[in-house]
Structure formats: C-alpha cells, structure tokens
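Let's take a walk through this model together, one stop at a time. Have the sequence and the 3D view open as you read.

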Amino acid sequence: MEKIGFIGIGIMGKPMALNLIEAGYDLVVMDIDKKAVKEVTAQGAKSAETAKAVAEQTDVIITMLPDSPDVEQAVLGPDGVAEGIKAGSLFIDMSTIAPATSQKIAEVLAKKDVQALDAPVSGGEVGAINGALSIMVGGPETAFERAMPLFEIMGKNIVLIGEAGAGQVTKASNQIIVGMTIQAVAEAMNLAKKAGVDIVRVREALLGGFAQSRILDLHGQRIIDNNYKPGFKVKLHRKDMNIALQTGRELSVPLPGSALVASQMDAILAKGDGELDHSALALFLSQLSGLE
Ligand code: NAD
C-alpha cells in the first residue's frame with residue numbers, strides 16, 4: 001500500500017484523512033493548526049512539522065487547503081512539498097483553487113519527475129464524512145488511475161475531465177451554477193413572500209416543474225426556515241466566484257451573472273456575515289426588500 005501524506009486537516013480534510021486511515025492506509029499529516037493534527041494522530045496517523053517532511057516520508061501527497069496562495073506556499077514555498085518530494089511520487093491537490101495555479105504547480109513538479117492532479121470536490125462536509133464526494137480531476141490518465149483507489153475511498157462520482165487545471169475549471173463552472181441558482185431561488189422566493197404568497201407552497205409547486213433543482217429543494221427549505229447556519233460559507237463561495245471571474249478575465253469570457261452574485265457576496269462580507277451559509281444571499285435580498 002502506498003504511504004499517504006495529507007496536508008490541511010480542516011472541515012473537509014479531516015474526514016477525508018480519517019476515511020483513508022480507516023481503509024488501512026498509513027498517513028503522515030501536517031496542518032498549521034496543531035489541534036487539528038492531534039485529532040487525526042489520535043486515530044493512528046503520524047505527523048510532520050513541514051510539508052517538505054511530509055513529502056520526504058510518503059509516496060502520494062494530498063493537499064486540502066483554503067485558497068491558491070495557501071497551496072502555492074505549501075507546495076512551492078520554503079520547506080514546501082517540492083523541496084522534499086521524491087521522483088515517481090504523486091501529488092494531488094483537492095482544494096478549490098485557480099486553474100492557473102494548478103497548472104503552474106504541475107509544471108514545476110513535472111521537472112522533478114512527479115505527476116500532479118488537480119482534484120477539487122463537491123459534496124461538502126457531509127460528502128467528505130460519508131466518502132461520497134464528487135471529484136473532478138485534471139491531469140495525466142496514468143496519475144488518475146494510480147489515484148483511483150484513494151478517490152474511491154473519498155468519493156463516489158469521480159471523473160477525469162482533461163489536462164492539468166481542467167478539474168479546477170469544472171469546479172469553477174460548478175460554483176457559477178450554484179451561486180446563480182441560489183440567486184434565482186432567493187429572488188423568486190423573496191418576490192412571492194413580499195406578494196403575501198405562502199412560500200412553503202411556492203417551493204412545493206415549483207419542485208414539480210421545470211424550475212426544479214436541488215438548490216430549490218435544499219436552500220429553498222433553508223430560506224423558509226430562515227436557517228443560514230453553514231454548510232458552505234459565503235466567504236468560501238466568494239473565493240470561488242473570484243476564481244471564476246479571474247479565469248474569465250484571463251480568457252476574455254464575460255461572466256455578468258457571476259459578477260453580480262460576487263458583488264452581493266461582497267456586501268454580505270462587508271456586513272460581517274461571511275461565516276453564514278451561502279444561501280444567505282436570500283437573507284440579503286430580503287433585507288433589501290424591507291422584509292427583515
Ligand atoms: P478549512 O479552513 O476548514 O481547512 C483548511 C485547513 O488548512 C485548516 O485546518 C488550516 O489550518 C490549514 N492550513 C491553511 N494553510 C495551511 C498551510 N500553509 N499549511 C498547512 N495547513 C494549512 O477549509 P475546508 O472547508 O476544509 O476547505 C478546504 C478546501 O476545500 C477549500 O479550497 C474549499 O473551498 C474546498 N471545499 C470546501 C467545501 C466545504 O463544504 N467546506 C466543499 C467543497 C470544497
């Protein structure tokens with residue numbers, strides 16, 4: 001069995017690492033948060049002080065970090081993965097970051113005879129706990145095949161999309177659709193509410209028609225319950241909208257709907273509500289309509 005390095009033991013990384021341990025893999029973990037590390041070493045993992053030390057001791061190194069600069073620093077920075085990684089090892093980044101950063105990392109590691117995959121996920125903490133994540137992968141097919149036994153422990157719907165960065169492009173597309181669909185559901189429910197119509201029945205009626213979606217189902221219920229406990233935080237979705245907008249700028253692709261949603265997320269962050277669930281777009285619109 002290959003020895004696994006796991007860097008970033010947060011909301012997502014912790015249950016993913018625990019599932020790998022439970023499946024019998026030896027893990028070496030690292031996080032700047034020592035409390036998080038303790039929780040995983042208590043379950044049998046070893047720990048290392050630096051990303052470099054993780055890479056020196058393992059064959060496959062997985063990162064699950066917040067944003068592009070975090071992954072870049074952990075891999076290419078001082079005492080990073082690139083300084084310790086052995087030729088023939090595999091690097092897998094499962095964070096949601098900019099496709100351009102994934103491509104840069106893949107290029108640097110290729111010079112060290114290391115294959116890299118970008119493999120962002122969808123499915124949230126529950127999907128991570130249940131080993132039921134959707135995993136969207138970019139990189140070489142041989143690396144994808146090597147990673148498959150690990151992906152099958154962490155996820156269910158696992159798709160190789162294309163070359164380096166393709167997984168991240170797919171995740172950015174996912175976040176555009178999710179963000180704009182929340183906006184659509186929030187606007188519709190808000191209009192119905194202000195018109196004095198019962199939004200419980202609106203959701204029920206719409207779920208049987210062409211406007212049906214998982215977001216109308218799950219976030220529609222959140223809007224009815226006025227429940228914005230995360231879930232997926234607005235501040236993290238704002239980061240992902242930024243990745244989409246930045247990629248759009250690089251490719252000269254207009255993303256007007258995404259820009260609108262991102263701008264509203266900015267207003268939510270400015271109010272200090274960035275820790276709320278991303279469905280709080282509905283709360284914001286409701287406040288603008290004088291309903292709150
Ligand atoms: P998190 O903030 O809970 O976890 C990130 C962990 O990385 C933290 O424990 C932090 O201490 C650690 N860290 C940060 N910088 C580090 C560094 N330089 N070296 C070592 N450790 C470092 O975040 P999360 O919710 O687990 O999200 C991780 C990634 O997964 C993000 O890119 C996020 O967008 C993506 N994602 C999250 C969800 C979700 O529902 N939370 C769903 C899908 C994808």
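Asn226 sits in the loop between H11 and H12; helices here are DSSP runs of H or I with at least four residues, strands are runs of E with at least two, and both are numbered from the N terminus. Its phi is near 55 degrees, a positive value in a residue other than glycine. The loop between helix H11 (214–225) and helix H12 (234–251) also holds Gly231. A cis peptide bond, with omega about 10 degrees, links Pro230 to Gly231. For background, most residues other than glycine have a negative phi, and most peptide bonds are trans.

Before moving on, a word on what you're looking at. This is a predicted model, where local features need pLDDT of at least 70 and side-chain atom pairs count only at pLDDT 80 or more, while totals for chains, interfaces and linings use all residues. Residues are numbered from 1 along each chain as its sequence is written, and side-chain values use heavy atoms, with hydrogens and water left out.

Now step back to the whole chain. The domain assignment gives domain 1 (4–162) and domain 2 (169–288), with bounds that come from an automatic or database assignment. Taken over C-alpha atoms, their centres are 29 Å apart. Twelve residues from domain 1 and ten residues from domain 2 make the contact, meaning heavy atoms within 4.5 Å.

How much area do domain 1 and domain 2 bury between them? About 910 Å², with 67% of it on carbon and sulfur atoms; buried area is the accessible area (1.4 Å probe) that two parts lose on being put together, summed over both. In domain 1, Thr96, Pro99 and Met136 lose the most area to domain 2, together 47% of what that side buries. Across the interface, three residue pairs are in polar contact, both residues at pLDDT 80 or more. Such a contact is a pair of N or O atoms within 3.5 Å; within protein, one must be able to donate a hydrogen and the other to accept it, and residues adjacent in sequence count only if both atoms are side-chain atoms. Helix H6 (99–110) and strand S7 (121–122) are the elements that give two or more residues to the side of domain 1 that touches domain 2.

Last stop, the ligand. 22 residues surround the ligand, and the closest are Ile11, Met12, Asp31, Pro66 and Lys239; a residue counts if one of its heavy atoms lies within 4 Å. A polar side-chain atom of Asp31 is 2.7 Å from a ligand oxygen atom.
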